[in-house]
Amino acid sequence: MTDDSMTFGNRLRLRRLLLGWSQKEMAVMLDVSPRAVWKWETGKPPILLTQEAVDARLIRAENQRKKNLKK
């Protein structure tokens with residue numbers, strides 16, 4: 001689904017859009033501020049979290065969302 005040449009910000013934005021989340025909703029799921037999501041999507045890398053940590057949090061959030069939808 002994603003191209004290895006895509007930047008972290010572009011991959012994050014694509015995942016967010018595919019999930020139908022606003023930046024605020026993604027921020028809540030990742031336990032960060034909406035401003036952090038905006039910064040990452042516009043090309044500023046995470047400072048306190050690694051990109052891998054953000055990806056891991058997003059995977060957990062996506063899995064939790066799927067579980068909630070099944071209920």
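These are my notebook entries on a predicted model of one chain.

**Ground rules**

I number residues from 1 along each chain as its sequence is written, and I use heavy atoms for side-chain values, leaving out hydrogens and water. Since the model is predicted, local features need pLDDT of at least 70 and side-chain atom pairs count only at pLDDT 80 or more, while totals for chains, interfaces and linings use all residues.

**Entry 1: the whole chain**

I looked up the secondary structure first. The chain has 4 helices and 0 strands. Helices (H or I, at least four residues) and strands (E, at least two) are DSSP runs, numbered from the N terminus. Read from the N terminus, the order is α-α-α-α.

Next I checked the overall dimensions. The C-alpha atoms fill a box of roughly 35 × 25 × 20 Å along the principal axes.

The chain exposes about 5100 Å², and carbon and sulfur atoms supply 54% of it. Such areas come from the Shrake-Rupley method with a 1.4 Å probe; for residues, only the protein chains shown count as cover. Of the 71 residues, 28% count as buried. Buried means under 20% relative accessible area, exposed over 50%, and partly exposed in between (1.4 Å probe, protein chains only).

I also looked up contacts, meaning heavy atoms within 4.5 Å. Among contacts between residues at least 6 apart in sequence, 54% join residues at least 24 apart.

**Entry 2**

Two packed helices are described by the angle between their axes and the distance between the axes. Axes are lines fitted to C-alpha atoms, for helices over the stretch in contact, and angles run from 0 to 180 degrees between N-to-C directions.

At what angle do α1 and α4 pack? I found about 5 degrees for α1 (residues 8–19) and α4 (residues 51–70), with the axes 12 Å apart. That makes α1 roughly parallel to α4. The cut-offs are under 35 degrees for roughly parallel, over 145 for roughly antiparallel and 65 to 115 for roughly perpendicular, with the rest oblique.

From α1, the residues in the contact are F8, R11, L12, R15 and L19; from α4, they are Q51, V54, D55, L58, I59, E62 and R65. I sorted the residues of this contact into 6 nonpolar, 1 polar and 5 charged. Here Ala, Val, Leu, Ile, Met, Phe, Trp, Tyr, Cys and Pro count as nonpolar, Asp, Glu, Lys and Arg as charged, and the others, Gly among them, as polar.

**Entry 2: α2 against α4**

I turned to α2 and α4. Their angle is about 100 degrees, and their axes are 9 Å apart. The two helices are therefore roughly perpendicular to each other. M26, M29 and L30 of α2 meet V54, R57, L58, A61 and R65 of α4. This contact of α2 with α4 has 6 nonpolar, no polar and 2 charged residues.

Is E62 buried or exposed? E62 lies in α4 and is buried, with a relative accessible area of 16%. Not counting residues up to four places away in sequence, E62 touches R15, L19 and W21.

E52 also lies in α4. At 58% relative accessibility, E52 counts as exposed. E52 and F8 are 44 residues apart along the chain, and their C-alpha atoms are separated by 9.9 Å.

N68 is another residue of α4. I found N68 partly exposed, at 41%. N68 and L18 are 50 residues apart in sequence and 18 Å apart in space, C-alpha to C-alpha.

L14 sits in α1. With 26% relative accessibility, L14 is partly exposed. L14 and E41 are 27 residues apart along the chain, with 9.4 Å between their C-alpha atoms.

Where is D31 found? D31 is in the loop between α2 (23–30) and α3 (34–41). D31 is exposed, at 64% relative accessibility. I noted its positive phi of about 60 degrees, although D31 is not a glycine.
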